[in-house]
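Here are my notes on this entry. Please read them with the structure open.

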2 protein chains.
Amino acid sequence: MLDSVPDSAVEPEAASLPRIAGTGAASLHGTLLAQLRDYVVEGNLAPGARVPERLLCERFGISRTPLREALKVLASEGLIDLLPNRGAWVRQLGPDEMVALFDVMGGLEALAGRLACEKITEAGFSEIERLHHAMYAAYLRRDLHGYFTGNQAIHDRIVEAADNEPLRTTYANFAGRLRRVRYAANLDKDRDRWGEAMREHEEILDALRRRAGSELSDILFRHLRNKRRAAAVRETAAAGA
Amino acid sequence: MLDSVPDSAVEPEAASLPRIAGTGAASLHGTLLAQLRDYVVEGNLAPGARVPERLLCERFGISRTPLREALKVLASEGLIDLLPNRGAWVRQLGPDEMVALFDVMGGLEALAGRLACEKITEAGFSEIERLHHAMYAAYLRRDLHGYFTGNQAIHDRIVEAADNEPLRTTYANFAGRLRRVRYAANLDKDRDRWGEAMREHEEILDALRRRAGSELSDILFRHLRNKRRAAAVRETAAAGA
DNA sequence: GACCAAAAATTTGCATTCATTTTTGGAAGA
DNA sequence: TCTTCCAAAAATGAATGCAAATTTTTGGTC
């Protein structure tokens, strides 16, 4: 039943207009939201630290109202915690939470791979293939940064190839939450993992070439699991330090 | 580099405290957010309709500030669109968007199934088995409502068994967005689909019994795809009407 | 010197106010 | 009669104000 509130006429243009605000692309509010999100994700505030409302207002040159709106959104994205009457705090990931987030990332990548197999074009595949070879070259010359960049690019391209807007958004959200975990950091000390990751990427490319959705889905989930395992070492070590 | 903003001391209790605000459980703001979300999800406002700010303020007995904060969050959840200077509009799903959302749901259920295979207890499995049989009984006596309820319960239990908080939250979000699509509505006219769905559920239970994660993952994704296909008929029909 | 209670100073949450923008309604003109 | 234009009205976006809660400081006691 439609409530006492009258349903205004349907907005005809709304459907065709770009969905501006959803995640906040343009529009003053969206700008601030993006800025503030970057500010947090980039690590300008220490995990577990209080988010200084007043200082941020001055920094961004705005009043508290729009800032607080942005904070509410960041809280719903899981980047910060809002404690009633006690303000906003940068969310700190415990080991369990990190594991949970990694698993979701794995699920999202698995989905992206599956969809990519259905939708990717020959050109799109070639591009990923090119990135793969570049990454392999970086691996051979032990260029950690080059490898990391290429790796990131490949995973992003797969998500892109899935051509699914909500997936893109959700993926970006979880990637942002895990941004602090520097998975690459281990590889130079964990040559085995590096080689293993490289082999997994061979499998990924192969499955994608054959457009084997289920298979790719599986590989990608396992790939993320292993990535997490490698990252967990450092996490645990850091926690113990 | 940590910015000019000084890092306040780390809040020791924050880690152990329940994550109250994230999705908004308690705390006045969270209450309003949940209320408003339900209000939209329940369909009190027509899709494509304007969200009447002032009226909602009166209805909930609050001022515009907290309402607008909640609207920003709902926009980030994808339930409404915010058009700069033009207010909030209930999001309307076109066919393509619906397809995209269904695919993400499929990916999330696939993930849930995979994780459930790793974590579910014998008691948890028995409960799902019980629900399955109850649903089958409903199917046999052509009890559409009973079937639908049981079906929903099973999928929810699988997500629950995955024991992953961010997955739970994300799943709930997408389920809410798709709430308007009444997948069950077709079954009484599409007996073939109903039987097919029932057979798929047999497979689901079987894979879960064997704790065959990858397999269950695949089945669940396909199951959702088929569910979408059935729902799409009605959607298309409705669009054509 | 450590510990605790009370008052001051911040900070939060929400209401209210104000400047812009959009929308509405109608008059003038084609 | 229909379109175009303009002014009034309403709605949005953001700043400010204020009561309640929290945190910090202060002062005193053991």
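**Notes on the DNA surface and the cores**

1. Start with a base contact. A polar side-chain atom of A:Thr65 sits 3.0 Å from a base nitrogen of DNA strand D. Bear in mind that the model is predicted.

2. Chain B also reaches a base. Here a polar side-chain atom of B:Arg64 is 2.9 Å from a base nitrogen of DNA strand D.

3. Which elements give two or more residues to the surface near DNA strand D? They are helix 4 (64-76) of chain A and helix 4 (64-76) of chain B. Helix 4 of chain A gives the most, with 3 residues.

4. Now the whole surface. DNA strand D is surrounded by 16 residues, and among the closest are A:Leu28, A:Ser63 and A:Arg86. Of the atoms of DNA strand D that come within 4 Å of the protein, 68% belong to sugar and phosphate. The residues of this surface split into 6 charged, 5 polar and 5 nonpolar.

5. The largest nonpolar core has 89 residues. Those with the most contacts inside it are Tyr147, Leu167 and Leu208 of chain A, and Tyr147, Leu167 and Leu208 of chain B. A second, separate core has 44 residues, including A:Ile80, A:Leu82, B:Ala88 and B:Val90.

6. Look at B:Leu167 in particular. Beyond its neighbours within four places in sequence, B:Leu167 touches A:Val104 from chain A. Its contacts in chain B are B:Leu108, B:Leu111, B:Ala112, B:Leu115 and B:Ala162. In soluble globular proteins, nonpolar side chains tend to be buried together.

How values were computed
Residues are numbered from 1 along each chain as its sequence is written. Chains are lettered from A and ligands numbered from 1 in the order in which they are written. This is a predicted model: local features need pLDDT of at least 70, side-chain atom pairs count only at pLDDT 80 or more; totals for chains, interfaces and linings use all residues. Side-chain values use heavy atoms; hydrogens and water are left out. A residue is near a molecule or strand if one of its heavy atoms lies within 4 Å of it. A polar contact is a pair of N or O atoms within 3.5 Å; within protein, one must be able to donate a hydrogen and the other to accept it, and residues adjacent in sequence count only if both atoms are side-chain atoms. Helices (H or I, at least four residues) and strands (E, at least two) are DSSP runs, numbered from the N terminus. Ala, Val, Leu, Ile, Met, Phe, Trp, Tyr, Cys and Pro count as nonpolar, Asp, Glu, Lys and Arg as charged, and the others, Gly among them, as polar. A nonpolar core is a set of buried Ala, Val, Leu, Ile, Met, Phe, Trp, Tyr and Cys residues joined through side-chain atoms within 4.5 Å. Buried means under 20% relative accessible area, exposed over 50%, partly exposed in between (1.4 Å probe, protein chains only). Contact means heavy atoms within 4.5 Å.
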